[in-house]
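Morning, everyone. Please have a look at the structure on the screen, and then we'll walk through a few places in it.

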Amino acid sequence: MNEAQPLRAGLWMLAAIGSFSTMAVAGRAVSLAHDTFEILLYRSIVSFGIVMIVGGTTGALRQVNTQNMRLHLLRNTAHFIGQNLWFYALALLPLAQVIALEFTSPIWVALLAPLVLGEMLTRRAGFAALVGFLGVVIVVRPEIGGLSPPMFAALASAIGFAFSALFTRKLTRTASITCIMFWLTLMQAIMGLLCAGADGQITLPTAQAMPWLALIGLSGLTAHFCLSNALSLAPATTVMPMDFLRLPVLTLIGLLLYGEPVDALVILGAALIFVANWLNLRPTRRIER
């Protein structure tokens, strides 16, 4: 196994953060016209088309194989469930609250990585995750007494994303990024079609919705490409806490685009999240046991 490269992984994660943020804005734009299953159906169709065009042009489709199909199915099922819950919460909650609750995901990653991947949970990674989680709690403090259904959905989506990240990390040990993206988009297109058509009705995209759905497909694929590259370069417990940076980014977007308020405690929570990422990205000088 290659030596971990946290700085290169960090650059890939910055690109992933930009893509995920773009997808959040586009997802909110079509949330009134389409349900979550339809959004994921159209997103996966667009993404699969991109994978086929780029992979066919570069010859990377030769890397696609049927090895580890059980692991691909587990990874994509976990992500499909998490993504549906995330889009549901996105339409009903302020961006900062959705992302803050989603950011319990690195806590689940840190706790589950030793069981799923056999990766060591270092004291520093555990402490960084706790600091980041404290920042999340500060951001969502008005709702701590009781979670509404959308907030519960956002929290549950974090567990789905955690399993997705762990299974992706495991897949990158034997599968190429193109192979992962191929099965990601194909399987989730099938899942989206089955779920969206379960009621016998699938809403076709309007002319206004089509550009947003295309942007969701493009940004979603780019985000997973960047995330998979990051997870191939560093352990999941190092990569996933970097995603905390999405909170201040989307809090600013919520303020500028939707007029969602930002107060001192939100800023404090975001500052703690930055500290957590800084702690997690510092070079390791010795092996921690």
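Let's begin with Phe103: is it buried or exposed? Phe103 is buried, because its relative accessible area is 1%. On cut-offs: buried means under 20% relative accessible area, exposed means over 50%, and partly exposed is in between, with a 1.4 Å probe and protein chains only.

A word on the source. This is a predicted model, where local features need pLDDT of at least 70 and side-chain atom pairs count only at pLDDT 80 or more, while totals for chains, interfaces and linings use all residues. Residues are numbered from 1 along each chain as its sequence is written, and side-chain values use heavy atoms, with hydrogens and water left out.

How confident is the predictor? pLDDT is its confidence in each residue, from 0 to 100. The protein chain averages 84, and 91% of the residues score at least 70. Among the elements, helix H3 (residues 69-90) has the highest mean pLDDT, 94. Helix H10 (residues 236-239) has the lowest, 72. Helices here are DSSP runs of H or I with at least four residues, strands are runs of E with at least two, and both are numbered from the N terminus.

Back to Phe103. It sits in the loop between helix H4 (95-102) and helix H5 (105-116). What does Phe103 touch, not counting residues up to four places away in sequence? Val136, Asp243, Phe244, Arg246 and Leu247. Contact means heavy atoms within 4.5 Å. Phe103 and Gly135 are 32 residues apart along the chain, and their C-alpha atoms are separated by 9.8 Å.

The expected span is 1.5 Å times one less than the number of residues. Helix H8 (residues 177-196) has 20 residues and reaches 28 Å, close to the 28 Å expected. H8 is mostly covered, with 15 of its 20 residues buried.

Next, a helix pair. The axes of H1 (residues 6-30) and H11 (residues 246-258) come within 10 Å and cross at roughly 35°. Axes are lines fitted to C-alpha atoms, for helices over the stretch in contact, and angles run from 0 to 180 degrees between N-to-C directions. Which residues make the contact? On H1, they include Ile17, Phe20 and Arg28. On H11, they include Arg246, Leu250 and Tyr258. The contact residues divide into 9 nonpolar, 1 polar and 2 charged. Ala, Val, Leu, Ile, Met, Phe, Trp, Tyr, Cys and Pro count as nonpolar; Asp, Glu, Lys and Arg as charged; the others, Gly among them, as polar.

Now Arg28 of H1. Arg28 counts as buried because its relative accessible area is 16%. Beyond its sequence neighbours up to four places away, Arg28 touches Leu90, Leu93, Pro94, Leu95, Tyr258 and Glu260.

Ala223 lies in helix H9 (residues 209-233). Ala223 is buried, at 0% relative accessible area. With residues up to four places away left out, Ala223 touches Ala16, Ser19 and Phe20.

Last stop: Asn68, in the loop between H2 (36-58) and H3. Asn68 has a positive phi of about 55°, although it is not a glycine. Why is Asn68 called partly exposed? Because its relative accessibility is 34%.

Key:
pLDDT = per-residue confidence, 0-100.
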